[in-house]
Amino acid sequence: MDKLKIRGGRRLNGTVVISGAKNAALPDLCATLLTAEPMVLHNVPRLQDVSTMIKLLRNMGAAVDWVEGESNALRLDGGPVNNPEAPYELVKTMRASILALGPLLARFGKAKVSLPGGCAIGSRPVDQHIKGLQAMGAEIRVEHGYILAEVPGGRLKGARITTDMITVTGTENFLMAAALAEGETVLENAAQEPEVVDLAELLISMGAQIEGHGTSRVTIRGVEKLHAPKTPHHIVPDRIEAGSFLCAVAAAGGEALLQGARADHLDAVIDKLREAGAQIEPRVDGIWIRMDARPKAVGFRTSEYPAFPTDMQAQLMAVNCVAEGAAKISETIFENRFMHVNELVRLGARIEVDGHTAVVTGVPQLSGATVMATDLRASASLVIAGLCAEGETLVDRIYHLDRGYEQMEAKLRGLGADIERTK
């Protein structure tokens, strides 16, 4: 099992290229199930979750290959798909497998999808997906760990769908399902994340009729057939990867350009890092950050986009661990998303947790130790903490990190960090 060995105490300086967003790539890959025409997606990150999704699509019969000569372009052909099933063996590590349900039902009128896995950060129920697709006419039952779904008559019907909570993957599933449904679908309480907008724009370029994406109310008028995108589709830059590198520079100090990052997707994070003392400027080619002093502690509360993202909570907590003062962090999205706290404490952090609230009192310096990643974003927080710690930090179970960060250690080495991957 791979580990990361970090020798802390170095400032980070230079340029880092931000990859395409994992959370946009996965639904975009599933969208290729909606058409029999081959298509190419650009700026696809080479991540473990993307590899798993590729295996899943190939298992269904799709042809999927990396384009020769283009490091992050993926050619997909959903024409040969003949097996509308997502088996447990392929989806047990990836929550996003549920995204195959909507497009399979829309195009084939049936689907068999295993209940998904992923990070152990709390309950992420699929009942909202089932409820919405049932409103569109699907007959669904759950048996032996699988969602078994069928559409009598073969075509979904437009419906008004109001979810009990804001759900990103739910909104994405409904967008794909409604694109080929008969009539009009209205999504109330829709997720507004940039990744949702990215999917909607891909579907529109494939012939879908969608309005209101990026707001809480989205309208989709179903069409009979979708085609390959009329213009090249480049997956949106990963705002969580960009935010993680911003936090790394804020914690360790230094000056960096995050090439390709979009500041307009990170308003809440940038506001907090400026409050912590970082100088941050949006640029035409990315985001520039400079940090010359010890950060100041900043409190925050996670919530749905455009508020502070739960996927950045652990990384900003790591910044607070070495900050001046104390700050309160409230987590409102996932009930188990403080699992990184015990590992940060092993590095010398001072953190007290009470339910969904953590109070972090900064210390002048952390101390290197062996720590264990418990989920994707927790692993990033441990890397950031290790960059600030005296001595050597060993981060174990970094397969979590590989699910969502493309060559993070190589990118950090490019900024001057002393970090290496070991077996």
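Predicted model: local features only at pLDDT ≥ 70, side-chain atom pairs only at ≥ 80, totals over all residues.
1. Some ground rules. Local features here need pLDDT of at least 70 and side-chain atom pairs count only at pLDDT 80 or more, while totals for chains, interfaces and linings use all residues. Residues are numbered from 1 along each chain as its sequence is written, and side-chain values use heavy atoms, with hydrogens and water left out.

2. Let's start with β13 (residues 217-221), which runs antiparallel to β11 (residues 184-188), with five bridges joining the two. Strands are DSSP runs of E with at least two residues, helices are runs of H or I with at least four, and both are numbered from the N terminus. Two strands pair if DSSP finds at least two bridges between them. If you want a spot to look at, V186 has T219 of β13 as its bridge partner.

3. β13 also pairs with β12 (residues 209-211), again antiparallel, over three bridges. Here I210 is partnered with I220 in β13. β12 and β13 make a hairpin with five residues between them, and G212 in the turn has a positive phi of about 90°.

4. Now for an open sheet of four strands, ordered β6-β7-β9-β8 with mixed pairing. β6 (85-86) and β8 (139-143) are at the edges with a single partner strand each, so one side of each has no neighbour in the sheet. β6 runs parallel to β7 (residues 110-114), joined by two bridges, and A86 sits opposite V113 in β7.

5. Helix α4 (residues 101-108) packs on this sheet, touching β6, β7 and β9 (146-150). Contact means heavy atoms within 4.5 Å. The direction of α4 makes about 160° with that of β7; axes are lines fitted to C-alpha atoms, for helices over the stretch in contact, and angles run from 0 to 180 degrees between N-to-C directions.
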